[in-house]
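User: I would like to learn how to read the packing of helices in a protein model. Could you take me through it step by step?

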Amino acid sequence: MAKKVSRRDLLRTTALAGAAGGLTLMGPWKHTRVYAAGDSKPIKIGLTHDASGQFANSGQAEKRGTIMAIEEANAAGGVLGRKIEYIWMDTETNPQTGTRVAERMISRENVHFLVGAIQSGTANAISQVAQKYGCIYFNTNSSSPTESGKNCHRVKFVWDGSGENFSRAAARNAINTFGKNWYLIYNDYVWGQNTNKATKKVATTYGAKVVDEVAVPVGTRDWSSILLKIQQAKPDVVAAAVGGDDFKVMRQQVRSMGLDRKPAWMNNQQDWPDIYGLGADAAFGVFGTTWYHYLDLPGVSDFIKRYQERYPTTRINVPGNVTYNGYVAMRELLRVINEVGSTDNIKIIKALEGRTMKAKDRMQHHDAIIDPNSHHVQQTIYLAQGNPKPRDKSDYFQILSSSDPKSIRASADDVCKLESYAETPNYDQG
């Protein structure tokens, strides 16, 4: 178990931070501390959001959501009468860095909980460290099916839809609308590999024929050879499990070669930070998402207003699915701590397992539930395409349908074998 922070050490560190005027350390351990005043020991959250690498934009987008939830909780009086403190370190879209960050946060920074990660390999690395100590970890935005499948852990809770969820929501529609001949391309790392595997399984179950599949190295900047192969193969559908900066480059080159209308493109999931600023016509094909800022649902407009008030100068001036996932996950963790009346990991884990979250509260169309056997949040998945008639410069998506959690549940969740409670170390930073 990690060493606890003494009151004397906490007060001395708080005083030094105040004297420094909110010091930010630069370099591989760059992080920002927010210290709470008062007599009670703060509850400390370790934020593992990328600020560099393939998913830097998404990492900072989810960071904005988690910080919003923390600040709103503090404004309402904190949790258990205590303020929430956070410390952030850049995980650099890198599993090795993720391991070092998790170790440092738990063993040296004495965090109560860990929250964050975009890339599934990094999330898996963080979760292995978290399980070793018993520290609860909320994986907010990794969507590889393995995160709630073979790489699940008792301390880890997965908040995004998985690649299989998105494939189930989109595949049948794509086959019926565009055709059965499919060409598969995917980023050659854990998320791309496993999402492609799930897409292939789902599509062929519905009657698709895979004419070819191509693994694309992370960091690919010249897509011409791959796109020429697609042009020659003339598939009905191209299913792309490509993310982050690679997806931006791919999309631009697809458009420049005139391939954005035919064949049809099924882009497993479209993360808002990967497309914002490029215009509505950049959102080609059909794709999945967990949330959109023009959903006509209670709470959506108020959430947007609060986001814009909190981040008036950010480049992404409306929140998307990544910020949304970070916000609702962090908010739910703080609620459960309050309800349990403790920061004890086993008590909180048991309260989270099987927890139902109302659609109205989550700003979605269907109630969500945390699967007690895989710790995967079963939630609404939206099928969307590029909006042909945007109402303003931020209206990139046209939502086509919403799928209830039961209809698109991932079979990968059944692979999960959680550690027993007895095998999970007790962890409570007090």
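Analyst: Let us begin with contact, which means heavy atoms within 4.5 Å. Helices (H or I, at least four residues) and strands (E, at least two) are DSSP runs, numbered from the N terminus. The model is predicted, so local features need pLDDT of at least 70 and side-chain atom pairs count only at pLDDT 80 or more, while totals for chains, interfaces and linings use all residues. Residues are numbered from 1 along each chain as its sequence is written, and side-chain values use heavy atoms, with hydrogens and water left out.

User: Which residues of H10 and H11 meet?

Analyst: From H10, Leu333, Val336, Ile337 and Val340 meet Lys347, Ile348, Ala351 and Leu352 of H11. By class, this contact of H10 with H11 has 7 nonpolar, no polar and 1 charged residues (Ala, Val, Leu, Ile, Met, Phe, Trp, Tyr, Cys and Pro count as nonpolar, Asp, Glu, Lys and Arg as charged, and the others, Gly among them, as polar).

User: At what angle do H10 and H11 pack?

Analyst: Two packed helices are described by the angle between their axes and the distance between the axes. Axes are lines fitted to C-alpha atoms, for helices over the stretch in contact, and angles run from 0 to 180 degrees between N-to-C directions. Helix H10 (residues 321-340) and helix H11 (residues 345-352) pack at about 115°, with their axes 10 Å apart. That makes H10 roughly perpendicular to H11, given that angles under 35 degrees count as roughly parallel, over 145 as roughly antiparallel, 65 to 115 as roughly perpendicular and the rest as oblique.

User: Which residues of H11 are buried?

Analyst: Buried means under 20% relative accessible area, exposed over 50%, and partly exposed in between (1.4 Å probe, protein chains only). In H11, the buried residues are Asn345, Ile346, Ile348, Ile349 and Leu352. They cover an arc of only 165° around the axis, which puts them on the same side of H11; the arc is that of the directions from the helix axis to the C-beta atoms. The buried residues of H11 pack against several elements, including H10 and strand S14 (368-370).

User: How is H3 placed relative to H4, parallel or perpendicular?

Analyst: Helix H3 (residues 95-107) and helix H4 (residues 120-133) pack at an angle of about 30°, with their axes 8 Å apart. That makes H3 roughly parallel to H4, and the residues of their contact divide into 8 nonpolar, 5 polar and 2 charged.
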